Amino acid sequence: MAKILVVDDEEKIRFVVREYAQFSGHEVVEASDGSGAVELCKKQNFDLIVMDIMMPKVDGFSAVKEIRKFSDTPVIMLSARGEEYDKLFGFELGIDDYVVKPFSPKELMARIGAVLARGSRERQQNHELLQFDGLTIDMAGRRVIVDGNPAQMTPKEYELLFYLVKNRGIALSRERLITEVWGYDYFGDDRTLDTHIKMLRQNLGPYRGYIVTLRSMGYKFEPPAEHQG
């Protein structure tokens, strides 16, 4: 059973999501706007947030941006708009999935199940503490230490780095990285991935070169002993 926060200014939407989620055995807490969601997240721990974008006072994007300052709880965005820009912006904020209204409640529950399962697998796998010269990667604690100083990263940057490290030495295509880290069918260009790689390299400082660009293909994490520059 998961504890899910459902945020939408439409009571009917909250009702439908609550009914289906509770039927699947989950606990549901509701909020009618973004500011209420932020306050709830400061006081309670949730396994997943279902967040509408278009809401009065504080919209979903602004709420997620604020929540990401102190929590990496998975987020599924709901929106009546399906433009690529909105999706890209959402994923750059660190959301995990994007569902366009009107939606099938059964499909939403399937997506909720997939996001929860992915998070469970990551918690089970991320038990390694890895050391590459002055770069320490603590997957269990979700920490990255650069020459003794903790790096400040977004949840998606952590996920991207951890995936690269777990597959170190392996050439990873852009398509595979998007699918495995973002978990959605990607139909746009590579701006989202490339932007995160750029920010990730900045956070790694002197160890930025460990993330190697494979021209016209993708990226790979190459440990020092194997890195040729």
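Let's start at one side chain: Lys-220 and Glu-222 are joined through their side chains by a polar contact of 3.2 Å. Such a contact is a pair of N or O atoms within 3.5 Å; within protein, one atom must be able to donate a hydrogen and the other to accept it, and residues adjacent in sequence count only if both atoms are side-chain atoms. Before going on, please note that this is a predicted model, in which local features need pLDDT of at least 70 and side-chain atom pairs count only at pLDDT 80 or more, while totals for chains, interfaces and linings use all residues. Residues are numbered from 1 along each chain as its sequence is written, and side-chain values use heavy atoms, with hydrogens and water left out.

Back to Lys-220, which sits in strand β12. Helices (H or I, at least four residues) and strands (E, at least two) are DSSP runs, numbered from the N terminus. With a relative accessible area of 17%, Lys-220 is buried; that word means under 20%, exposed means over 50%, and partly exposed lies in between (1.4 Å probe, protein chains only). Leaving aside residues up to four places away in sequence, Lys-220 touches several others, including Leu-164, Ile-170, Tyr-210 and Leu-214, where contact means heavy atoms within 4.5 Å.

Which residue is the bridge partner of Lys-220? It is Val-212. Strands β11 and β12 (residues 218-221) run antiparallel and are joined by 4 bridges; two strands pair if DSSP finds at least two bridges between them. The open sheet here has 3 strands in the order β10-β12-β11, with antiparallel pairing. Its edges are β10 (172-173) and β11 (211-214), each of which pairs on one side only. Helix α6 (residues 155-166) packs on this sheet, touching β10, β11 and β12, and its direction makes about 70 degrees with that of β12. Axes are lines fitted to C-alpha atoms, for helices over the stretch in contact, and angles run from 0 to 180 degrees between N-to-C directions.

Now look along α6 itself. Its 12 residues reach 16 Å from first C-alpha to last, close to the 16 Å expected at 1.5 Å a residue; the expected span is 1.5 Å times one less than the number of residues. The helix is mostly covered, as 11 of its 12 residues are buried, among them Glu-157, Phe-162 and Leu-164. The C-alpha atom of Phe-162 is 9.1 Å from that of Asp-138, a residue 24 places away along the chain. Asp-138 belongs to strand β7 (residues 135-138) and counts as buried at 13% relative accessibility.

Finally, consider the charged pairs. Side chains of opposite charge can pair when their charged atoms come close. The whole structure holds 16 salt bridges, each a side-chain nitrogen of Lys or Arg within 4 Å of a carboxyl oxygen of Asp or Glu. One of them links Asp-96 and Arg-68 at 3.9 Å, N to O. Asp-96 lies in the loop between α4 (84-93) and β5 (97-100) and Arg-68 in the loop between α3 (60-67) and β4 (75-79), so this pair ties together parts that are 28 residues apart in sequence. Both residues, Asp-96 and Arg-68, are buried.

Glu-66 and Lys-69 also form a salt bridge, with 3.1 Å between the closest N and O atoms. Here Glu-66 is partly exposed at 30%, whereas Lys-69 is exposed at 63%. In helix α5 (residues 105-125), Glu-107 and Arg-111 lie 4 residues apart, about one turn, and their salt bridge brings N and O to 3.0 Å.
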